Amino acid sequence: MNLSDTFICELLPSPQKNFSMKNQRFLSKYSLSVIIPLAIIISISIGWTTKQKIFDPLPSWNDGPAKTAIKDFVHATTEKSSSKYVTPEDRIATFDQDGTLWVEHPLYNQLMYCFDRVPDLVKAKPELKEVEPFKTVMSGDREAISKLTMPDLEKIAGYTLSGMSEDQFASQVKDWLGKAKDPRWKKPYTDLIYQPMLEVMKYLRENGYKTYIVTGGGQDFVRVYSNQTYGVPPEQVVGSVGETEYVYDTAAGTSALIKIPKMLLNDDKGGKPQGIQMVIGKRPYAAFGNTAGDQQMLEYTTTGGGARLGMLVLHDDATREYAYGPAQGLPDSKIGTFSQDLYDLAKTRGWIVISMKNDWKTIFPN
């Protein structure tokens with residue numbers, strides 16, 4: 001009896017072990033043709049089951065309350081047997097951008113774009129060379145630039161974000177993004193996105209959610225790169241919007257929308273729920289932010305019925321990114337302020353505070 005004969009015999013019930021050698025050999029040949037494919041199927045099945053058990057949709061997150069809250073929310077709202085089940089057409093999740101999806105220090109990236117546009121603006125309008133705050137920007141004095149007031153920044157934005165068609169603006173932003181680099185990491189701004197948040201967005205989309213960016217930044221600005229960077233199509237970006245003027249060139253037979261320096265919607269604080277209603281038309285079931293500017297969006301989201309998820313990113317990792325608050329004794333900041341009052345409110349309202357230092361295994365892709 002060869003090895004295969006012995007193997008088959010050992011598999012047989014004890015009465016069958018008394019078969020004659022001839023019968024055993026016949027059974028051996030017959031059984032091998034059945035058992036080997038069966039063994040392969042079982043092996044594949046076990047491998048698949050193991051793979052399913054170890055699959056983690058959020059590999060860049062450390063185990064803890066934040067990761068658990070996300071997974072529990074998705075399960076509760078997508079499992080049909082759940083009392084908190086949400087129909088696919090109502091699965092909406094909103095994300096702030098600056099400080100929630102990508103780096104916002106030392107200055108909002110759109111403002112960096114505006115600063116870089118000032119030389120071209122002054123070249124086109126030389127009279128602005130000696131006018132503040134353009135004079136300060138042209139000086140290149142970083143200390144002086146850092147002291148510019150909010151009205152100064154608004155003036156710079158008003159001039160550099162208007163006066164062109166929407167198509168021209170999109171082309172200028174795309175060109176800038178292809179050249180500009182963050183002063184600290186020397187990488188394109190669109191590389192400095194948070195891997196853990198990308199995973200959350202992907203996880204939600206895989207479970208039937210539509211992910212929207214709801215930002216205080218310019219809507220037209222973010223729409224240029226949102227799809228390539230976050231997988232969020234332009235029509236799912238809600239942001240601050242300036243007015244436009246429609247013009248038609250009769251001779252050329254062309255039309256355009258020209259951006260003018262007048263605010264239509266400031267998509268910050270109470271403006272965020274307004275923007276959500278204007279563009280989305282539905283109350284989200286999940287909302288993610290990082291400052292008091294996102295408070296009203298989280299309130300609007302989590303005061304709806306059923307399962308709701310509100311989360312705030314706390315920047316507390318000075319080594320891998322930045323640390324600022326002043327919540328929890330962190331350094332104060334004019335950019336992306338996360339106050340202790342907001343931190344305490346989050347605890348009261350049941351919003352999850354994400355610790356960048358403790359909850360994220362890694363910050364950036366690659």
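## Close-up views of a predicted model

View 1. L257 is part of strand β4, which covers residues 254-265. This is a predicted model, so local features are described here only where pLDDT is at least 70. Together with Y246 and Y248, L257 forms a nonpolar patch on the surface, and the accessible area of the three residues together is about 340 Å².

**View 2. The whole chain, before we zoom in again.** Let's step back for a moment. The protein chain holds 15 helices and seven strands. Of its 366 residues, 44% are buried. The accessible surface of the chain comes to about 19,300 Å², and carbon and sulfur atoms account for 54% of that surface. Among contacts with a separation of 6 or more, 61% are between residues 24 or more positions apart.

**View 3. The open sheet.** In which order do the seven strands line up? Follow them across the open sheet as β4-β3-β2-β1-β5-β6-β7, and note that the pairing is mixed. At the edges are β4 and β7 (352-355), each of which pairs on one side only. Neighbouring strands of this sheet are turned by 30° against each other on average, direction ignored. As a reminder, strands of a sheet pair through backbone hydrogen bonds, either parallel or antiparallel.

**View 4. A parallel pair, β2 and β3.** Strand β2 spans residues 210-218, strand β3 spans residues 237-249, and the two run parallel, joined by three bridges. V214 stands opposite V238 in β3, and G218 has S240 of β3 as its bridge partner.

**View 5. An antiparallel pair, β3 and β4.** How many bridges join β3 to β4? There are eight, and these two strands run antiparallel. Along the pair, V241 stands opposite L265 in β4, while G242 stands opposite M263 in β4. The hairpin of β3 and β4 has four residues between the strands, and G253 in this hairpin takes a positive phi near 70°.

**View 6. Two cis peptide bonds.** Most residues other than glycine have a negative phi, and most peptide bonds are trans. One joins H105 and P106, with omega about 5°. P106 sits in the loop between β1 (92-95) and α4 (109-124). The other cis bond joins E132 and P133, where omega is also about 5°. P133 belongs to the loop between α4 and α5 (134-139).

**View 7. Two lysines with a positive phi.** K186 is not a glycine, yet its phi is positive, at about 60°. Look for K186 in the loop between α8 (166-179) and α9 (195-206). K186 counts as exposed because its relative accessible area is 56%, and the class begins over 50%. K269, also a residue other than glycine, has a positive phi near 55°. Where is K269 found? K269 lies in the loop between β4 and α12 (271-279). K269 counts as partly exposed, because its relative accessibility is 46%.

Methods. Residues numbered from 1 in each chain as written. Predicted model: local features only at pLDDT ≥ 70, side-chain atom pairs only at ≥ 80, totals over all residues. Heavy atoms only, no water. Patch = residues over 30% accessible without salt bridge, like charges linked within 9 Å, V, L, I, M, F, W, Y side chains within 5 Å. Areas by Shrake-Rupley, 256 points an atom, 1.4 Å probe, with all protein chains shown as cover. Salt bridge = Lys/Arg side-chain N within 4 Å of Asp/Glu carboxyl O. Pairing = 2+ DSSP bridges. Axes fitted to C-alpha atoms, helices over the stretch in contact; angles between N-to-C directions. Buried < 20%, exposed > 50% of the residue type's maximum accessible area, 1.4 Å probe, protein only. Contact = heavy atoms within 4.5 Å.
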